Amino acid sequence: MYRIIGVLLLGVVVTACGGGGGSNNLLGPRPSGGDTAKDPDNHDSMDDVYVLKTASAYADVLYNCALADDDSEFCSLNTLPILGMEAADPSVDDVLSRVLVSDAWMGARFEEMLREFPPSMLTLFKGLTAIVIDDDIRPAYYWQATGAIYIDPAYLWTSVAEKQTINAKEDYRSGFSDGLAFRAWRRQLYQGDYAYNWGSLSDNNPRSLSDAVLLSASLFLHELAHVNDFLPYDSYDQINRNYRVYQAIDSLSGGKVSDQLSTQSPLSSSLLSDLADVMFRGQSASAAQRQITATEAGYEFEADAAADMYSYSTQYEDLAMLFEVAMMKYYFDIDSEVAFVTPTANAQYCNDYTIGWGATNWIGDSEVKERAMFVTNRLLPDLDLTLFYQNMPNPFYALQGSDWCLQAPSIANDALSKPAFDAPYPVNPKDFERRPIGPVSR
Ligand SMILES: [Zn+2]
């Protein structure tokens, strides 16, 4: 039931994480951003990145290895090992030694984030070769051909000058759900309110460091889940370093962590898995799919054991969503609210959307929790999460038929531009955000 997005040719997969699959990238190396005709600014070039720490051990090869895009260019693990082969317990400086950026602020801000993140998160950087942050990347993704992650700087900026350097193109998957009768949404809440200000790329307002930390933590938890899914920590010793990253991944006898998850405890809904092809890959919806209501899709979701609708995209996104949602709760006490909503015609404001099914902290459902425990134990084996899971609250169901408005959200979010107390506000774009892309096929 899982679509293996890229077992073509060399079996290399890119995990496109901004909410879509990377499945339409079977041949092309990277998920391309938007339509260049519609968005002339979208040149999608990463050629302008440079190595942040030029004195680091692999500075000379980093650029060519991270930007390689065919077989004549991909690097072996002898040329550029994954970080965990060099640093069993990576420091912030170790991570920075693998970074390329297109703009100086991205390096500075990323370093600041690394120092703000909970220290145990540094473990998760072990499985990658490089981190590329470029003004043209949207959505973010992991590419198993290079073993690098490619990061959208929209998650990192704090000042207006910073965000003005970022390409404001749309995510290429926007609009994929338009033919359906419902939308599957998600928002991150802290004590019942929006957890952060997402911030628009097109206005003149700065964003706080704490907002950027939460946003980028969520992104990195997701991308790094992919990284360590493909190259589990306990596999390093058996890897032949003459291999390139994708060959190393294919050679692992124990497989990926998500192979084990989907064997032991697979998701079962083919209805949602088929809908994911429409929502995240742009397949046209069938007549039957167009009839499915928010409540029907929600009940189907409730009967299964996924953390998010995006989990149905691939087994990789299933794993990454479990990890991201569980760890945002553990590190920052942030609750994920998932909902299937029905839009009215020309819907724009929160009260234009009716909840057919919704739940906050759905990861507290016993079956979802069980699967999340498996994933977090594998990806952060040194962290004891026993009490965290024991004390995890049960899911809190939304009232069926209620709208998507939060009670008087306090957040100063321009995207919400709350006009007056309790008045309807435009829906926060982050609520229907496309998740970062998972492994992208070569
Ligand atoms: Zn992903």
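## A buried pair of charges

In this predicted model, Asp318 and Arg371 are both buried. Their side chains meet in a salt bridge, with 2.6 Å from N to O. Asp318 belongs to helix α12 (residues 315-332) and Arg371 to helix α13 (residues 366-379), so this contact ties together parts that are 53 residues apart in sequence.

## Other salt bridges

The count of salt bridges comes to 15. One of them joins the side chains of Asp71 and Arg244 at 2.9 Å, N to O. Asp71 sits in the loop between α1 (59-66) and α2 (83-86), while Arg244 sits in the loop between α6 (209-230) and α7 (245-251), so the pair ties together parts that are 173 residues apart in sequence. Asp71 itself is partly exposed, with a relative accessible area of 29%.

Another salt bridge brings together the side chains of Lys163 and Asp203, at 2.5 Å from N to O. Here too, distant parts of the chain are linked: Lys163 is in helix α5 (residues 160-163), and Asp203 is in the loop between β8 (193-194) and α6, 40 residues apart. Lys163 counts as buried, at 1% relative accessibility.

## The second largest pocket

Now for some open space. The second largest pocket has a volume of about 460 Å³. It is lined by 21 residues, and the closest to its centre are Leu189, Glu337, Thr360, Phe396 and Leu406. The elements giving two or more residues to this lining are β7 (183-190), β9 (335-343), β10 (353-360) and β11 (396-397).

What kinds of residues make up the lining of the second largest pocket? They divide into 9 nonpolar, 7 polar and 5 charged.

Conventions:
Residues are numbered from 1 along each chain as its sequence is written. This is a predicted model: local features need pLDDT of at least 70, side-chain atom pairs count only at pLDDT 80 or more; totals for chains, interfaces and linings use all residues. Side-chain values use heavy atoms; hydrogens and water are left out. On a 1 Å grid over the protein atoms alone, a cavity is a set of points where a 1.4 Å probe fits but cannot get out, and a pocket is an open set with protein on both sides within 12 Å along at least five of seven lines; lining residues have an atom within 4 Å of a point. Grid points are joined across faces, edges and corners, and a volume is the space filled by probe spheres set on the points. Helices (H or I, at least four residues) and strands (E, at least two) are DSSP runs, numbered from the N terminus. Ala, Val, Leu, Ile, Met, Phe, Trp, Tyr, Cys and Pro count as nonpolar, Asp, Glu, Lys and Arg as charged, and the others, Gly among them, as polar. A salt bridge is a side-chain nitrogen of Lys or Arg within 4 Å of a carboxyl oxygen of Asp or Glu. Buried means under 20% relative accessible area, exposed over 50%, partly exposed in between (1.4 Å probe, protein chains only).
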